[in-house]
Amino acid sequence: MSELEKREGPVLECRQLSKIYGAVRALDEVDLTLNRGRIIGLLGPNGSGKTTLIKTAAGLLTPSAGELFVNGQRPGPETKQVVSYLPERTYLSDWMRVEDVLSLFSDFYRDFDYQKALEMLSRLEIGRSDRLRTMSKGTKEKVQLILVMSRRADLYLLDEPIGGVDPAARDFILSTIIGSYREDATVLISTHLIRDVEQVLDDVVFLAYGKVGLCAPAEDLREEKGKSLDELFREMYRC
């Protein structure tokens, strides 16, 4: 398959994808296709399988059954070159300075845009010599997001990027996501805070109990149902 063919097909495709931990089916025969140039919300309550799906797409978990493809390929070294992954928890070491993490990403990823990262950090008035241990939790998460969004990836996987920050920080994070990704790339945002992200979403995937309950363009759903995505989700998955 040529590079052009890879980029013309879906950026992510799941076929009967399952991940099983003992008696728990974290993902249960998921069929899903994500197209290019979209910001997509992976929406669901805690424990719905969102992180498992993202980690599988990032190549960190192996399916128990079924298949997953990124750019038409199973997860591996080649797909990791085109996937930029933001985990739910901060993984950068407190001893590091900003210049250390910039150098780390530059060495690790050929598509890392060093200058772009510097520009975004400058807007936050974060210097290269600043140490991570002096930063608040929210600022560390902003730095990590900037690193991830400074890659020229085909698929950005963001696991709960707004879950642990205040409303003002959420606004910065969402504006960074919107302003940073290429038009032919796709951003998959996992969250249970639907009200906070729905205004930036092109498409939504509702996930619960490891199954896809709904997958559709966000605006089509709002017009068809006459409800916000948050209202619709609460109705579908009411306890």
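Two residues are in contact here when they have heavy atoms within 4.5 Å of each other. With that in hand, welcome to a tour of close-up views of a predicted model.

**View 1. Ser 84 and the residues around it.** Ser 84 sits in strand β5, which covers residues 83–86. Is Ser 84 buried or exposed? Buried means under 20% relative accessible area, and Ser 84 counts as buried because its relative accessibility is 1%. Look past its neighbours within four places in sequence, and you will find Ser 84 in contact with Val 148, Arg 151, Ala 153, Leu 155, Tyr 156 and Leu 157.

**View 2. The largest nonpolar core.** In soluble globular proteins, nonpolar side chains tend to be buried together. Here the largest such core has 48 residues, and Tyr 156, Leu 158 and Leu 201 have the most contacts inside it. Which helix gives the most to this core? Helix α6, residues 137–149, does, with six residues. Apart from this core lies another one of 24 residues, including Val 11, Cys 14, Val 70 and Val 82.

**View 3. Zooming in on Leu 201.** Leu 201 is among the residues with the most contacts inside the largest nonpolar core. Once its neighbours within four places in sequence are set aside, Leu 201 is in contact with Ile 39, Ile 40, Gly 41, Leu 43, Ile 189, Ala 218 and Leu 229.

**View 4. Leu 12 in strand β1.** Leu 12 belongs to strand β1 and is buried, with a relative accessible area of 1%. Find Thr 33 next: Leu 12 and Thr 33 are 21 residues apart in sequence, yet their C-alpha atoms are 5.9 Å apart in space. Which residues does Leu 12 contact, leaving aside its neighbours within four places in sequence? They are Leu 32, Thr 33, Leu 34, Ala 57, Leu 68, Phe 69, Val 70 and Leu 155.

View 5. Helix α2 runs over residues 50–57 and is mostly covered, with six of its eight residues buried. You can pick out the buried ones as Lys 50, Thr 52, Leu 53, Ile 54, Thr 56 and Ala 57. After α2 comes Gly 59, which has a positive phi near 85 degrees.

**View 6. One face of helix α10.** In helix α10, residues 229–236, the buried residues are Leu 229, Asp 230, Leu 232 and Phe 233. Why do they line one face of the helix? Seen down the axis of α10, these buried residues fall within an arc of 160 degrees, so they line one face. What they pack against is β3 (39–43), α8 (194–197), β8 (203–208), β9 (211–217) and α9 (218–225).

**View 7. The largest pocket.** Rolling a probe the size of a water molecule over the atoms shows where empty space is left. The largest pocket holds about 330 Å³ of space. It is lined by 18 residues, and Gly 44, Pro 45, His 192, Phe 233 and Tyr 237 are the closest to its centre. Helices α8 and α10 are the elements that give two or more residues to the lining.

**View 8. Ala 216 and Asp 203.** Ala 216 has its place in strand β9 and is buried, with a relative accessible area of 17%. How far apart are the C-alpha atoms of Ala 216 and Asp 203? They are separated by 5.7 Å, although the two residues are 13 residues apart along the chain. Beyond neighbours within four places in sequence, Ala 216 is in contact with Asp 203, Val 204 and Leu 221.

View 9. Gln 16 is not a glycine, but its phi is positive, at about 50 degrees. Gln 16 lies in strand β1, residues 12–21, and counts as partly exposed at 38% relative accessibility. Tyr 209 is also a residue other than glycine with a positive phi, near 55 degrees. You will find Tyr 209 in the loop between β8 and β9, where it counts as exposed at 71% relative accessibility.

**View 10. Confidence along the chain.** The mean pLDDT of the chain is 89, and 96% of its residues reach 70 or more. Where is confidence lowest, and where is it highest? Helix α1, residues 3–8, is lowest with a mean of 53, while strand β4, residues 65–70, is highest at 97. Over residues 1–6 the pLDDT is below 50, and this stretch has seven contacts in the model beyond near neighbours in sequence. Where pLDDT is low, the predicted coordinates should not be read in detail.

Methods
Residues are numbered from 1 along each chain as its sequence is written. This is a predicted model: local features need pLDDT of at least 70, side-chain atom pairs count only at pLDDT 80 or more; totals for chains, interfaces and linings use all residues. Side-chain values use heavy atoms; hydrogens and water are left out. A nonpolar core is a set of buried Ala, Val, Leu, Ile, Met, Phe, Trp, Tyr and Cys residues joined through side-chain atoms within 4.5 Å. Buried means under 20% relative accessible area, exposed over 50%, partly exposed in between (1.4 Å probe, protein chains only). Helices (H or I, at least four residues) and strands (E, at least two) are DSSP runs, numbered from the N terminus. pLDDT is the predictor's confidence in each residue, from 0 to 100. The arc is that of the directions from the helix axis to the C-beta atoms. On a 1 Å grid over the protein atoms alone, a cavity is a set of points where a 1.4 Å probe fits but cannot get out, and a pocket is an open set with protein on both sides within 12 Å along at least five of seven lines; lining residues have an atom within 4 Å of a point. Grid points are joined across faces, edges and corners, and a volume is the space filled by probe spheres set on the points.
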